[in-house]
Structures are given as structure tokens and as C-alpha cells.
Amino acid sequence: MAECHPVGFQWVVEAKARGAKVIHVDPRFTRTSALADLHVPIRAGSDIAFLGGIVNHILEGGREFREYVVNYTNAQVIVDEDFRDTEDLDGLFSGFDPGTGRYDPSSWNYAGMPVATNTGARKGRIAAGEAHGSGGAKLAHGNPPHLDPALEHPRCVFQLLKRHYRRYTPELVEQVCGVPRAQFLEVAEALCANSGRERTSAFCYAVGWTHHSTGVQYIRTAAIIQLLLGNIGRPGGGIMALRGHASIQGSTDIPTLYNLLPGYLTMPIAGSHDSLEQYLEDVRLPAGFWGRCDTYLISLLKAYFGDRAAANNDFCFDHLPKLTGNHSIFPAVMGMLDGWCKGFFLVGENPAVGSPNAGLHRKAMARLDWLVVRDLVEVESATFWRDSPEIETGELRTGEIPTEVFLLPAAAHTEKDGTFTNTQRLLQWHRKAVEPPGDCRSDLWFYYHLGRRIREKLAGSAEPRDRPVLDLAWDYPTEGELQEPSAAAVLREIGGVGADGKALSGYLELKADGSTSCGCWIYSGVYADEVNQADRRKPGSDQSWVAPEWGWAWPYNRRILYNRASADPQGRPWSERKRYVWWDPAEGRWTGHDNPDFGATTAPDYDPPDDAEAEKALDGRSPFVMQADGKGWLFAPSGLDDGPLPTHYEPPESPVINPLYGRQTNPVLERYERPGNRYNPPASGTYPFVFTTYRLTEHHTAGGMSRTLGYLSELQPEMFCEVSPELARLRGLVNGGWATIVTSRAAIEARVLVTDRMRPLQVEGRVVHQVGLPYHWGRNGLATGDGANDLLPILCDPNVHIMESKANTCDVLPGRRPRGPALVELVEGHRARAARERSGGGGDR
Amino acid sequence: MTAGPRMGFFTDTSVCIGCKACEVACKEWNMVPQDGPLRLSGTSYDNTGALGASTWRHVAFVEQQRDDQGLRWLMSSDVCKHCSSAACLEVCPTGALFRTEFGTVVVQADVCNGCGYCVPACPFGVIDRREDDGRAFKCTLCYDRLRDGLEPACAKACPTDSIQFGELDELHERARRRVDSLHEAGVADARLYLEDEGDGIGGAGAFFLLLDEPEVYGLPPDPVSTTRDLPTLWRAAALAAGTLAVAVAAAFAGGRR
Amino acid sequence: MSASGSADGDRRNGGRRGGPVRRVRGSMVPEAEFRSYYGRPILKEPVWTWEIPWYFFTGGLAGASASLGLGARLSGNHRLARSAWTVAGAGVTAGVPLLVSDLGRPERFPYMLRMFKVTSPLSVGSWILAATGPAAAGAAVSDLLGIFPRLRRVAEAVAGLLGPALATYTGTLVADTAVPVWHEAGRELPFVFAGSAAASAGAAAVLSTPAAHAGPARRLAVTGALLELGAAQAMERHLGELGEPYHQGPAGRLARLAKTCTAAGAGLVAVGGRRRRGLAVTGAALVLAGSACERWAVYKAGFQSARDPRYVVEPQRARLAERQRQQPEH
């Protein structure tokens with residue numbers, strides 16, 4: 001966190017000054033570790049084993065926050081009798097179909113309560129998780145019928161959890177993760193001791209958890225721990241997802257993701273959501289705030305299509321694109337290679353450096369007809385046609401590349417108005433400080449005027465396919481010579497407007513009759529009272545410790561979600577010390593330091609009548625108001641493609657065989673194996689070392705914004721690798737010298753930093769070496785070098801299509817890499833050698 | 001011009017996260033040029049190397065393997081000490097170096113003729129001459145910002161308040177409290193450096209909390225301003241000059257031949 | 001900043017180097033392990049270039065020659081006076097451009113006289129030069145052209161009396177820095193420079209004066225050489241370990257060369273005397289070479305001393321330890 005979020009890290013330092021204990025679990029000893037109380041070096045890719053060990057420690061020792069677990073989680077629920085755990089099926093859950101390579105989750109149901117079938121998802125190979133946006137998965141109405149409040153029934157969630165994690169002992173953790181038993185116990189104990197009524201503990205994670213083939217399950221395991229310890233919805237608790245850069249939270253809220261609409265509504269799926277009615281039927285949950293999603297969607301359609309959207313045309317629902325499959329970036333890149341994806345807009349992204357298997361991306365872009373790049377500087381993705389590494393090796397020839405590349409200069413964040421949404425769901429407005437120079441334009445300007453010009457070209461068309469574009473409400477006010485659209489007006493539209501034309505105060509005011517419009521329901525209220533709430537800057541010293549008047553958090557300026565859980569089932573704070581939100585019986589409403597994340601007047605003893613809907617269908621003791629049963633899910637009966645309980649699988653490129661099960665890797669892993677994207681075999685002698693990619697404070701992602709600046713370039717001028725002294729001795733590497741790192745995809749060179757901060761680990765009785773690679777470098781700019789991501793495979797977590805960039809294998813050779821075609825020979829030579837080896841077992845399909 | 005309270009820096013390296021925001025903020029505000037070729041140093045994450053004419057904040061990185069206590073990574077932002085007894089100022093023949101109303105030491109770039117005498121005079125190796133410019137440069141403690149009631153750029157940018165700016169007396173108190181609380185927390189290594197007004201430079205306008213001996217960070221353990229010995233030096237010069245005069249006189253005692 | 005290429009031992013713990021008990025500044029102190037930041041220098045090396053050691057030489061030569069010239073004039077040895085004043089005039093005429101050229105902003109040379117600052121030997125020295133320079137040059141010109149004889153007498157008095165100051169202040173100048181090999185030799189360096197100046201002035205006069213009139217010059221050359229050699233010896237003994245640069249690298253080679261030339265030269269001058277002018281002249285040339293080498297040795301030693309952090313850390317550590325022993329406060 002200190003490396004990648006140094007400004008945010010000041011709060012960790014502040015917490016430490018107030019007596020908090022900081023534990024840092026990371027394969028490397030980073031600048032965060034330097035300030036942590038304890039650093040735990042862990043083998044990259046083994047976090048589920050580590051976290052599972054903690055779950056086991058909690059359960060075996062009876063350390064869970066019992067009252068919280070019994071009342072606020074689904075621990076009591078009894079699961080379907082057909083459910084089989086990985087313990088029974090040697091690494092698989094019940095329902096796996098080797099033919100399709102997917103799970104049928106019906107045996108994961110709650111007993112007596114089927115999950116609504118999701119035929120649309122099956123057809124399109126769209127992950128189940130996506131199909132329900134953030135609303136978890138669908139359960140039939142009501143609470144699960146079979147419960148055991150004593151948590152003893154062998155098929156209740158609590159016991160299933162115990163059984164599943166029983167093997168994750170401290171000895172197993174040592175064996176799999178390379179973390180000494182004593183150190184693991186220190187961490188587990190510290191967590192347990194600092195949780196409960198009087199104290200809470202928080203997890204912070206970033207890309208070190210997300211960029212894995214089982215990334216979603218990593219986070220799930222942390223969620224299980226936090227639910228067991230009663231740390232969710234409470235001050236000082238929770239799980240903080242540190243995002244990859246400044247407004248990536250915003251770009252999932254108002255998404256730039258193919259499968260989501262604003263506010264985590266699912267994009268309609270062809271064949272399942274062919275009408276508005278079908279969509280709402282499928283997506284709406286019987287209980288919780290997701291039960292109101294008709295109001296969210298229809299208000300969104302009104303924001304998109306304005307007066308054109310009306311009840312008699314389903315509010316232009318048909319104009320929305322429908323998914324027919326996995327349209328995420330990697331299939332699109334394969335489409336470029338295969339010739340059916342012809343054009344590409346690259347806006348503030350640099351796949352030639354930043355994407356996994358960057359070389360394949362460069363070759364893919366070289367097959368396009370046209371490419372539009374919008375960026376502040378001339379990034380490698382705009383110049384690949386003349387200077388990519390493939391030109392040097394001869395794999396590409398400039399004269400033969402058909403791609404027409406348009407480089408359009410973009411305005412920087414200081415040159416335009418707008419918001420950043422940070423990881424705490426906090427929107428902060430920023431104001432233009434200077435005019436953009438020359439031809440530079442903001443993204444808002446670009447898309448607005450692009451849309452305007454396309455509509456002008458299409459005006460008068462009778463083609464049905466042109467209707468969606470022509471029906472858009474596209475009348476934003478513009479300012480100044482450049483006719484810059486007003487970002488404030490867009491924010492206001494996002495926040496929503498009522499029938500009276502006034503800005504809305506929150507999503508509870510949204511209607512399904514077309515009288516309200518709202519660009520993103522969770523942002524509704526950001527312009528309440530016609531005030532740009534995101535622009536508020538009241539200093540922290542002038543307000544309460546929650547500081548609600550700095551910026552605006554979605555939804556409803558709520559600073560901690562699920563904060564009902566900060567009070568006990570009777571509505572009293574768990575302790576004075578951790579008082580946050582509580583029930584005031586005299587007033588008959590919830591009150592406290594934050595906006596209660598609960599029905600304002602829903603009493604703790606409220607029990608819903610059978611016909612109750614949406615949030616009213618949840619009782620007064622169910623804080624997880626976005627779930628159909630209002631409980632935190634220790635066991636996820638649906639919503640995830642790869643299992644209801646996190647399980648340790650080895651990363652696809654791993655130096656060792658999975659000691660837990662016969663199943664080596666995530667059975668539902670998304671593979672894209674093809675020429676140019678070959679994988680290293682597991683436990684390969686050719687690629688014996690683990691490598692992990694990461695960031696440095698001094699540079700920013702693919703380097704476009706940092707390697708072009710002198711002041712930052714001189715801080716970290718050259719690409720380097722970090723190796724332990726032991727690995728250096730083993731491979732003849734010298735501090736300050738050069739090394740060549742090789743995988744099945746590519747070979748790169750890097751300067752060598754020999755450091756004790758990288759440590760070889762004892763894993764399954766042998767030494768596993770790890771190599772650290774910052775991924776910022778490319779050929780353009782002042783500080784140049786080879787790109788680490790050339791080495792990565794394209795292999796994804798099935799739930800969210802995110803690649804494994806953190807735990808892969810490689811070989812390391814001393815000295816600089818070959819130039820020209822010899823480089824390709826080096827890579828191919830290694831691949832051939834790996835193929836000739838007999839690699840270890842692994843029950844992959 | 002009436003002098004107000006003495007202003008300075010307290011750099012608490014125990015909370016430094018090595019982010020180098022101080023280096024960048026300083027360079028941006030003062031328009032300090034790039035310092036040397038873009039080349040990896042191989043010395044941990046420190047590619048800056050040392051303070052100089054074109055580096056006025058320098059973050060040091062020291063990796064230590066300590067058998068009993070495991071791995072430690074010390075990080076520290078170094079800066080001109082703005083000594084109470086400033087050798088650079090004392091030896092400057094043109095008066096370019098002067099003491100401001102804030103008690104800080106600043107080079108007047110329009111006076112400095114680049115004689116370079118300040119360079120070997122500094123016991124910390126801070127000030128240096130910029131090759132392509134000819135004049136000597138160093139940290140000004142953002143004199144222009146102080147005149148407008150702002151804090152120096154590095155202090156403003158530092159996210160963890162490792163760099164604290166304020167009245168020197170108040171900083172001393174804060175620092176002593178901080179050392180005490182670190183000692184109580186079991187960090188026996190914590191110590192203050194250049195806070196003592198009785199030391200060889202009269203205490204510094206920029207003092208530090210370190211977690212190991214100063215030389216580990218590239219700092220002199222017991223710096224003394226050369227001016228302390230000036231009386232001795234001048235005495236020796238006078239005696240030597242006298243000796244020379246006597247030698248000349250004696251040469252004529254033997255007559256013409 | 002160039003890559004530091006640290007050895008493995010230097011990489012950890014910021015560079016530990018143990019070692020036996022060392023003699024530091026004449027006292028035996030048990031050495032704590034020496035630690036540094038990757039072996040990097042703590043001090044900055046001087047930014048001066050070749051002009052400065054040549055200025056030491058020409059300034060010393062000029063200053064002592066001026067005194068010699070005054071002495072010659074007062075004792076009626078006008079032939080010797082002529083040579084001495086010519087050398088003095090040439091010395092300052094060569095010296096001033098050297099100083100100006102070494103400045104980072106040469107056009108700002110007049111700023112040296114913006115103030116008179118007693119804490120700055122460079123300031124004091126600039127004023128000494130400002131007075132002595134024109135006086136010596138004027139005296140030389142006046143003598144050669146035979147003009148302004150009364151002014152010449154004033155100029156000779158001024159330059160002759162200030163001459164020793166001109167010849168010795170540069171020793172104090174380098175001593176008034178943080179460079180250990182210079183600062184710790186602050187008591188000896190002015191004597192080294194004085195001796196060197198006297199030797200070179202005597203030698204220059206021997207070369208430019210007929211033997212019959214050069215007696216005082218010969219005597220000054222030998223006396224100066226003895227003073228130079230003696231003071232240098234005392235300096236190295238006093239410096240102890242800090243004097244290592246005089247035995248290593250370029251400074252070491254120059255120091256050895258200086259000793260050899262000066263000693264041999266002085267010997268030849270003494271032996272050659274009045275009768276064997278050939279020997280005396282050879283000797284004088286050697287003494288001049290020795291004097292120049294000695295200035296360069298001192299100059300180079302400063303760079304070597306500043307470069308190695310050990311010379312800063314070890315004595316300071318020892319001093320700290322000594323203070324703690326004497327005042328066990330905590």
C-alpha cells in the first residue's frame with residue numbers, strides 16, 4: 001500500500017501511531033513492509049491456503065464472534081443433500097461437467113430452496129456472477145427453510161466450512177505457502193485477539209489478490225474470515241479493495257465493462273432478456289434493495305433516451321445491446337488475431353506494455369484495420385507499428401502492417417472538470433486548472449462530439465439499427481470556445497432528476513413509471529439540493545470523525561456499508577468503543593455516526609409479512625441488505641463459477657504440484673491456449689522459478705505518465721529484477737548487472753538488484769525462488785526498457801476474466817538477451833525443452 | 001527586517017515510506033534540473049545517490065539483515081541542515097550565502113560567482129556547484145514560500161508527515177516526545193540527530209530522528225563546523241608568515257655572497 | 001550520479017568494515033566497526049581545477065619573492081632585488097588569471113571584494129592579493145623601466161611586508177574546510193606553504209641572478225626547503241591515518257616526488273654554492289619542481305581524503321567515544 005497508494009498509506013501510519021498493529025503479507029519486502037510491525041513472506045499464488053489456515057484456526061479454536069455469525073451470516077443454513085465438497089471429490093465440487101468444463105451449481109443450493117435457473121448465462125458462457133450484477137444470486141422468495149441455529153447439523157454451512165478447511169492446518173500452510181508455522185500462528189492469533197465486540201481488524205488488498213486465476217476466491221476467503229470474526233459493517237473493520245488507479249472504482253460504477261450497466265445492473269443477455277419484463281423477472285431479487293432494480297433500470301433508460309423512452313416502448317429497453325457471450329478484452333484480442341475484430345478504441349490504456357502477453361497484443365493490433373489511441377503522450381500502443389520488439393525480431397514488418405493508427409491527444413485531469421471515485425466509494429470533484437494545450441481534448445468532449453457527429457451523419461435514417469443512436473438524449477450544455485460539455489451537468493444527470501425537474505436526493509426516490517431519470521442509481525443524490533455534493537471540502541478538523549461533508553460517498557453518502565452489523569440483533573452497539581449506528585427506540589429509527597444502511601424505521605424486531613417486497617422483505621436483523629436473505633454468505637450457493645467455498649488450487653504456472661488435491665488448478669479456469677499464448681507446464685524444470693509482477697511508487701502503470709517525465713524517470717531509470725542473494729548465486733547474477741528472464745511467451749532483459757528482501761521459500765520440502773519484476777517499462781519515453789508483461793500468459797479467473805499476473809513461472813539467465821531473430825529462438829528453445837520434460841501429475845482436463 | 005522565530009525541519013525517518021514525493025515536489029517548485037544520466041545505481045531503491053546542486057532532497061535506502069530482529073529497511077529524506085554554525089556561509093567570500101529572517105541559510109544566485117569554496121567546507125557534503133551553470137546551489141528551505149506564509153514544498157507533499165516544518169523550538173519538543181514514545185514502544189535504536197545545540201554545528205535548522213547511527217545513512221557522526229577551529233588556523237598562519245619573514249631576514253645575515 | 005558498483009560486503013548494513021586497532025591522530029582507540037552508506041563519500045570533493053594548485057605555487061612564489069626583493073633592496077643588493085621583483089611581478093600576473101578562470105562565473109570576479117570577511121580565508125586572501133598584486137607588479141615594472149622610483153619604494157614596502165601573508169594564507173584556506181587531510185593539518189599546512197614559498201622564491205632568484213649576488217637566494221632556497229620538508233614531515237606524523245592520501249594514489253606519488261626533488265635540489269644548491277653555478281642552477285630547478293609538486297600533492301590529497309567516508313567517520317566516532325568516556329552522562 002505504501003508503494004502504490006502512498007497518500008492513502010498516511011492513514012495506516014496514523015493508525016499505527018494510535019496503537020494499531022500492521023501486518024504485511026507479501027512475497028516481497030516492500031516499502032509497506034518497512035513500516036509494518038510484521039512482514040510475512042508468502043509464496044505468490046498460495047494465499048487461499050494461508051487464509052484458509054486462518055479460517056481453520058478460528059473454527060477449530062472456537063474463536064468466531066458467535067452471536068454475529070449466528071445472526072448475521074448464513075452459517076445456520078442447511079445445504080442441499082446432494083452437495084459434495086472438494087474433500088469428497090479430490091478437488092472438485094459436485095456438479096462439474098467435464099464435457100463443458102463448467103459447474104452446474106444446483107447441488108450447492110440451500111436445502112429446499114432452489115436457485116433460479118439461469119439459462120441465459122449457460123448459453124452465452126457468461127459467468128454467473130456477471131449475470132446478477134452485484135445483487136448476489138437469486139434465491140426463491142423468503143428465508144431458507146432449513147436452519148440449525150445451534151450450528152451443529154452436518155450439512156449446515158458452519159459445519160461444511162469446518163470440514164472444508166480442516167486440512168488447512170498450520171503445517172499445511174508452512175508446506176504450501178512457505179510461511180513458518182510460528183509466524184502463521186502469530187498472524188492468526190493477532191487477528192482473533194483483535195476482533196470481537198471491543199476491537200475490529202481490517203484487511204486491505206490490491207492487485208496482489210485480484211490478478212489470479214482464483215482471485216475472486218481469495219477475496220471470498222477474506223470475506224469469510226471477516227464474517228466469522230464479526231468485522232464487516234463495523235468501524236475499523238471490513239475489507240478494503242485498493243484499486244489499480246485513481247478512478248477505477250468510478251469506471252466500474254459507471255462502467256467501462258462490457259457486462260455491466262451503471263450501478264452494477266447486468267447488461268441484458270440475448271436469449272434470456274429479450275424484453276424488459278424478462279430482464280426484470282430474471283434480475284430482480286425477491287428481497288433486499290435489489291428488489292427495486294426496476295426503478296433503477298427504467299430511470300437509467302430515461303437518462304439515456306430522454307423523452308423517447310416511454311412505457312409503451314419498454315422505455316427503449318430494446319435499444320440496449322445484448323450479450324451473446326464473453327465480450328471481454330481477451331476474446332476481443334483473439335478476435336483481432338483471428339481477423340474478425342477490425343477496429344479498436346484505446347483510451348488511456350497501453351496494452352503494448354500493460355496487458356498480459358503484451359507481445360500478443362501488439363501482434364493483434366497489427367492485424368487491425370484501424371486503431372484510435374487517445375492519450376497524453378505517444379504510448380507504445382500508438383507506435384508499435386514502427387518500434388515494437390517484434391519489429392526488432394522480424395516477427396512484424398512495418399511495411400506489412402495494415403493498421404491505420406490515429407493518435408488523438410487527450411487532456412490531463414488538471415485540464416478538465418470531473419470526479420474521481422476512490423476505493424471508499426468517495427466521489428471527489430476536481431476542477432479544471434488550465435486549458436488543455438493545442439488539440440488536446442477531454443474524454444467528455446471527445447465522446448460528446450463524436451456522438452454528435454455520428455448522429456448528424458445518421459440523421460433521417462430509417463434503418464432500425466440506427467435508432468438507438470438517434471434516440472439518445474444528447475443535449476448537454478457546452479461551454480467556451482472548445483464547446484466543452486459541462487461535466488457538472490453530466491454529474492447532475494447521473495445523480496438523477498425527478499418528475500419536477502429537480503435533482504433527486506437518493507435512489508429511494510426512483511420510480512419505475514418513467515417519471516424519474518437517473519444515470520446511476522447508486523450515485524443518486526450526488527447532486528441533492530442542486531449542490532454538487534462531490535465538491536464539498538469541509539476540513540476533517542471541522543466535523544465528526546466520519547467526516548461526511550468531505551466529498552460524497554455512494555450510496556446516500558453512506559461511509560460504511562452494511563453498518564447495521566455494527567449493532568447487535570437488538571439494535572444496541574456491540575460495545576461503547578465500537579458504537580457506530582444503533583436503534584433509537586424513542587424515535588423509532590436508526591441513528592448514529594453514519595447514514596444507517598438499513599430501512600430507516602425498520603425495527604430490530606421487525607419480521608416481514610409474506611407479501612413484503614424488496615428491502616421490506618428482510619427482517620430487522622439482516623444487515624446484508626443487497627442479498628436476498630439479508631445475510632453475509634459464508635457459503636455462496638450461487639453467483640460464482642468456481643465453487644461455493646474457496647479452495648487452494650495452484651496457479652496454472654506453478655513450480656509445485658498441488659499437495660491438497662489431485663486437481664492441480666482451478667477447474668473452471670479460462671484458458672486461451674493458442675500459438676503465441678502457450679503455457680509453462682507445472683513443476684517444470686525449464687521454468688523452475690516463480691516470478692511476480694508489481695508496481696513501484698515512482699512509476700505509474702504502463703509508464704505513459706511517468707517514464708515521460710524527467711523528475712520521475714530519474715528516480716527509477718531502468719527496468720530491473722529483484723532476486724535473493726541465493727538465486728543470484730545459483731544463476732550467476734551480479735548486483736547492477738543484467739539478467740534475462742524467459743517464459744513460454746517471451747524473453748526480456750532487466751538490470752539486477754540483489755536484495756535480502758526477496759527470500760527463497762521452503763515449499764513442499766524444497767526451495768522455491770521468486771523473482772520480482774516491476775511492470776512499468778516499455779520502449780518509449782525517457783526511462784526505457786523491456787516490458788515485464790511480455791512474459792505473462794493470458795489465463796483468467798472465470799468470474800471476472802482477470803488474468804494471472806502475480807504467480808507465474810520463468811527461467812532466469814545471466815546477461816543481456818539476444819537481439820533480433822535469436823530472441824525468438826531462445827524462447828522457442830526453452831519451450832521445446834519444457835515439452836520434452838516429463839512434468840508432474842495434475843488432473844487438468 | 002525583524003527576525004521572527006527560527007523555522008526549520010524535523011524529519012522523522014521512522015515514518016518515512018520512501019515515496020520520494022519530497023524529491024519531486026522540491027524539484028518542481030524550485031525548477032531544479034535533472035541530476036545526471038538516467039542510470040540504475042544498484043544501491044537499493046536509491047537512484048538519486050546524494051544531495052547536490054541539482055538534488056536538494058535525497059531519500060536514502062538502507063537494507064539491513066539483523067539476526068535477532070529480521071529484515072529492516074531504513075528510509076530517510078536527507079536535506080541541507082541549515083546549520084546554526086554554517087561553514088558554507090562563513091567561508092563564502094562574496095556574501096552570496098546569508099542567513100534569512102527565518103534562520104535559514106540561502107544562496108543568492110545573483111551574487112554567487114562560483115568560487116566553490118562552500119563545497120568542501122560543508123561537513124555534510126550538501127552544497128555543490130552546478131557544472132553547466134557555474135554557481136553553487138542548495139536547499140533554500142523554500143524561502144519564497146516562507147515569505148508568503150506557506151510551508152516548504154517537500155513538507156507539504158510528504159504524505160506521512162515524516163517531514164515536519166515549523167518553529168524550531170516546537171519541533172524540538174515534538175521530536176523529544178516522539179523519541180520517548182518510540183523507546184517506550186521498544187524501538188531502542190531511535191535517536192535524534194543534530195537536535196543538540198551544543199554539538200559541532202550549534203544544532204541544525206533541519207534535524208532528524210534516525211533509527212541507526214548517522215553514518216549508516218551517509219551522515220557524519222560528529223560533524224563540526226570548520227569555523228570552530230578558525231582561531232587556531234589563523235594563529236598558525238600568522239606564525240608561519242612570521243617564520244617566512246624571519247627566514248628571509250636570516251638569508252641576508254650571511255651577506256651578499 | 002554514476003553507478004556505485006558496491007561490493008557485496010558494502011551492500012548489506014550500509015557497508016561494514018572491521019579491522020584491527022588503528023592509530024588515529026596519534027592515540028590508540030579501539031575501532032568500532034566502520035559503517036557507511038554503500039561506501040559513498042560523505043563530503044563533496046572540491047570543484048576546483050588545475051588552476052588552483054598552480055595558483056598556490058605562483059602566489060607563494062610571488063609572496064616570498066616580494067619579501068626577498070624587499071630584503072635585497074634594503075641590503076643594497078639591487079641585482080638580486082631586480083630578479084626577485086621581476087619574479088614577484090610575474091607571479092601575481094600569472095596568478096590572478098588563474099583564479100579568475102577557475103571561478104564558475106569568471107565575470108563576477110570583482111564580487112570577491114564585495115566584503116571583507118575574516119571567517120573566510122578566501123575573502124581575506126582576495127584582499128591581500130588585491131593589495132600585494134598591483135604593488136608587486138608595479139614594483140617590478142618600475143624597476144625594469146626605471147620609472148616612478150619613489151612609488152616603487154612604497155610598492156616594495158607594501159608587497160614585501162604583505163608577501164609572507166600572500167604566501168601562507170592559501171594553506172589556511174584549504175585547512176578551513178571539512179576535508180580531513182586538510183583540516184586536521186591546519187597547524188602545519190601554513191608552514192609547509194611558507195617553506196615551499198621560500199624555497200621556490202630562493203630557487204627562482206638563484207636561476208635569474210648571477211652567482212655573486214645570489215647568496216641570500218641560495219640560503220633562502222635551502223632554508224625554505226628544510227622548512228618545507230620538516231613541516232611536511234610533522235604534518236604527516238600529526239595526521240596519522242588521515243595522512244594516508246600522501247602515501248597512496250596520485251597524491252602519494254606527487255608527495256614522494258616533491259620530497260625527492262626538494263631534498264636533492266636543496267642539496268645541490270648548498271653544494272654548488274657560488275662556485276659551481278651549474279650545480280646550483282640544477283638544484284634550483286629541482287627545488288622549484290619540488291615546490292610545485294608539493295602544492296599539487298596537497299591539492300590532490302584533499303580529493304582523496306574527501307572521497308573516502310572512512311576518513312570522516314572513524315575520527316568522529318573516536319571523538320564521540322572519547323567524549324562519552326569522559327562524561328558518562330547516560
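At roughly what angle do the axes of helix 3 of chain C and helix 7 of chain C cross, and within what distance do they come? In this predicted model, the two axes come within 9 Å and cross at roughly 120 degrees. Helix 3 of chain C covers residues 78–102, and helix 7 of chain C covers residues 189–208. Two packed helices are described by the angle between their axes and the distance between the axes. An angle over 145 degrees would count as roughly antiparallel, and one from 65 to 115 as roughly perpendicular. The crossing of roughly 120 degrees therefore makes helix 3 of chain C oblique to helix 7 of chain C. The crossing of these helices is right-handed.

Which residues meet where these helices pass each other? From helix 3 of chain C come R79(C), L80(C), S83(C) and V87(C), and from helix 7 of chain C come A204(C), A205(C) and S208(C). By type, the residues of this contact are four nonpolar, two polar and one charged.

Chain C also meets chain B. Here 87 residues of chain B are in contact with 84 residues of chain C. The area buried between chain B and chain C is about 6900 Å², and carbon and sulfur atoms give 58% of that area. Side chains of opposite charge can pair when their charged atoms come close. Between chain B and chain C the count is six salt bridges. A salt bridge joins the side chains of R105(C) and D133(B), at 3.3 Å from N to O.

Over all chains, a search of the whole structure finds 80 salt bridges. In chain A, the side chains of R467(A) and D471(A) meet in a salt bridge, at 3.0 Å from N to O. R467(A) and D471(A) are four residues apart in helix 21 (residues 467–471) of chain A, so about one helical turn separates them.

The backbone of chain A is the last topic. Most residues other than glycine have a negative phi, and most peptide bonds are trans. Where in chain A is E530(A) found? E530(A) is in the loop between helix 22 (487–495) and strand 16 of chain A. Phi of E530(A) is near 60 degrees, a positive value in a residue other than glycine. The peptide bond from W554(A) to P555(A) is cis, and its omega is near -15 degrees. P555(A) lies in the loop that runs between strand 16 (552–553) and strand 17 (581–584) of chain A.

Technical notes: Residues numbered from 1 in each chain as written. Chains lettered and ligands numbered in written order. Predicted model: local features only at pLDDT ≥ 70, side-chain atom pairs only at ≥ 80, totals over all residues. Heavy atoms only, no water. Axes fitted to C-alpha atoms, helices over the stretch in contact; angles between N-to-C directions. Helix = DSSP H or I, 4+ residues; strand = E, 2+ residues; numbered from the N terminus. Parallel < 35°, antiparallel > 145°, perpendicular 65-115°, else oblique. Left-handed = near helix turned anticlockwise from the far one by under 90°. Contact = heavy atoms within 4.5 Å. Nonpolar A, V, L, I, M, F, W, Y, C, P; charged D, E, K, R; others polar. Buried area = accessible area lost by both parts, 1.4 Å probe. Salt bridge = Lys/Arg side-chain N within 4 Å of Asp/Glu carboxyl O.
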